Amino acid sequence: MDRIGILGAGRVGTAIARSAIAAGYDVAIAASGAAADIELLVEVVAPGAKAMSASDAAAHGEVVVVAVPLHKFRSIPPTLLDGKVVVDTMNHWEPTDGHLDDVAGSPQGSSSIVQEHFAGARVVKTLNHIGYHFLEVDARAEGHPERRALGIAGDDEQAVQTVAEMIDRLGFDPVVTGALHTGTAFQPGTPIFGGHHDADALGAEAARHLDTTSLTGATRA
Amino acid sequence: MQIGAYSFGDTPLNDDGAPRSTAEAIRNLHEAIVHSDAVGLDYFAIGEHHTVSMPASSPGTVIAAAAAATKRIVLGSGASIIGTDDPVRVFQQFAIADAVSGGGRVEITAGRGSSVETFPLFGYDLRDYDDLYAQKLDLLMTINESTTEGVTWAGTVRPTLDDLAVVPRPVHGKLPIWLATGGNASSSVRAGRLGLPIAYGIIGGEPHRFAPLADLYRRSAAQAGHTGDDVKVSVGALGLIAPTKKEAMERFYPGWHNLNVEMGRLRGWAPPQRRAFEAQAQPGGAFYVGDPDEIAGRIVHLQQHMGHMRHFLQMDIGGLPQEHFLESLTLLATEVAPRVERLLA
């Protein structure tokens with residue numbers, strides 16, 4: 001997999017673009033408007049990436065990364081991502097999103113709502129629990145003793161594998177927690193979220209979280 | 001380079017950690033601004049927040065009081081959350097403060113701040129954020145640019161103005177209006193296109209990584225044909241100055257920890273680790289916590305990347321004792337600023 005399309009040219013989208021360029025990917029990035037609107041922006045903050053419209057960036061990517069604020073993802077037409085491997089980097093941030101009823105009420109986490117919207121895509125949750133400025137700073141070569149891990153969750157095994165390879169190439173140990181709903185192990189409010197963990201520690205934390213929660217969201221002591 | 005401070009107000013704590021009064025926070029803030037002027041600090045900004053721990057809810061009011069009690073210091077908001085306010089009211093408050101100041105010492109910085117208490121407080125929908133901000137910034141600039149008291153403006157987020165008087169006018173005709181940004185690249189583009197000076201709020205990461213954003217800002221400004229004195233950059237960051245590095249770290253850490261525990265509860269972060277704090281307080285990091293020599297050197301280092309003309313620090317967070325705040329302001333003005341000037345000469 002060589003081509004990544006990124007939807008969202010904010011802090012997260014541009015940071016992912018820089019990391020992907022550094023890892024040798026062919027990267028296209030889009031905001032909500034025309035490519036020309038963000039050409040200068042992309043040239044300066046993600047040099048090497050190509051500014052495109054959302055539909056062109058989605059078409060460009062073998063993997064499409066969605067990095068818009070969660071309350072805006074529904075503005076992306078679902079058909080745009082039909083057949084694609086889609087990386088969901090989004091979190092429910094009440095300070096920016098406000099209270100989103102459907103997300104807050106979903107014991108399977110925000111990514112399940114995203115998967116419902118992009119019904120023809122194979123959604124994989126990752127890159128949501130690392131501060132955007134750490135993406136470049138914490139990247140390490142494979143085998144490095146200080147290599148940080150990122151959680152990965154998705155229902156489609158092949159899609160999960162593709163994304164795991166991408167995470168590895170970006171400089172992080174991929175730790176697959178399981179099906180998409182297991183992404184609740186690394187969403188806001190969990191020890192993994194906003195922390196720094198190596199592969200063993202992240203795996204252990206995820207297992208701890210998943211052992212003590214059921215699908216209804218109730219915690220067992 | 002101008003050296004300054006900014007604050008959101010900081011409600012003091014009892015020994016048991018219980019908050020004292022928000023009124024006391026405001027009195028401490030006022031005292032700190034008056035003190036800053038007395039020791040020769042160039043700039044003090046007040047950032048609009050509406051929480052029990054950060055209660056400076058009306059920067060214009062704090063600034064008007066400070067304008068009456070100071071002689072030289074430049075006073076600005078950092079930032080005014082204009083999306084959920086009425087730009088007419090914001091402008092009036094700051095124009096009044098400008099008159100009280102004698103003229104030319106008051107600035108407005110428009111932004112969103114780092115939290116969204118104002119949306120439910122003033123009855124706005126977060127989904128309208130982008131539109132509210134864009135239109136209200138446009139109105140604020142329209143009022144500012146007006147050469148007479150009568151203002152005409154039409155939009156959808158607030159009633160039309162048809163040659164209505166918005167008074168008083170600033171002493172020198174216009175107020176400096178800055179745009180605040182936390183690192184989203186499109187804000188740098190917006191400020192550049194509008195030809196507004198830009199203030200970068202750097203609260204984490206490596207400050208020099210904001211250099212491409214400042215570059216983007218300047219190139220956007222040039223592309224839009226703005227070339228004057230208004231194309232300039234300032235940087236706001238966290239920090240604290242003490243006679244020694246060790247004292248600075250010990251004084252700043254408890255408040256930083258308190259703030260992060262509070263933010264963590266709100267936003268789902270794990271509690272912060274001390275070593276993360278220590279790493280950020282080193283040269284190259286985002287926390288300007290140290291002795292005057294170190295901090296002056298780090299400011300100058302950043303200036304080489306950002307080309308900024310003003311560097312201002314937020315020191316009073318999480319219940320910082322007032323005496324540490326005042327001492328830090330003194331050292332900032334009397335020890336850090338002259339060192340910066342010498343290094344840049």
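The model is predicted, so local features need pLDDT of at least 70 and side-chain atom pairs count only at pLDDT 80 or more, whereas totals for chains, interfaces and linings use all residues. Residues are numbered from 1 along each chain as its sequence is written, with chains lettered from A and ligands numbered from 1 in the order in which they are written.

Select residues 87-101 and 129-145 of chain B, which are helix 3 and helix 5 (helices are DSSP runs of H or I, at least four residues; strands are runs of E, at least two; both are numbered from the N terminus). They pack at an angle of about 45 degrees, their axes 9 Å apart (axes are lines fitted to C-alpha atoms, for helices over the stretch in contact, and angles run from 0 to 180 degrees between N-to-C directions).

Next, display Pro87(B), Val88(B), Val90(B) and Phe91(B) of helix 3, which meet residues of helix 5 including Leu139(B) and Leu140(B) (contact requires C-beta atoms, placed from the backbone, within 7 Å).

Move to helix 7 of chain B, residues 211-223. Its buried residues include Leu213(B), Leu216(B) and Tyr217(B) (buried: 20 or more other C-beta atoms within 10 Å of the residue's own; exposed: 12 or fewer; partly exposed: in between; C-beta atoms are placed from the backbone). Among the elements they pack against are helix 2 (35-45) of chain A and helix 10 (292-306) of chain B. After helix 7, select Gly225(B), whose phi is positive, near 85 degrees.

Finally, show both chains: the contact takes 23 residues from chain B and 20 from chain A. Helix 7 supplies the largest share of chain B's side, seven residues.

Note on methods:
Two residues are in contact if their C-beta atoms, placed from the backbone, lie within 7 Å. The expected span of a helix is 1.5 Å times one less than its number of residues.
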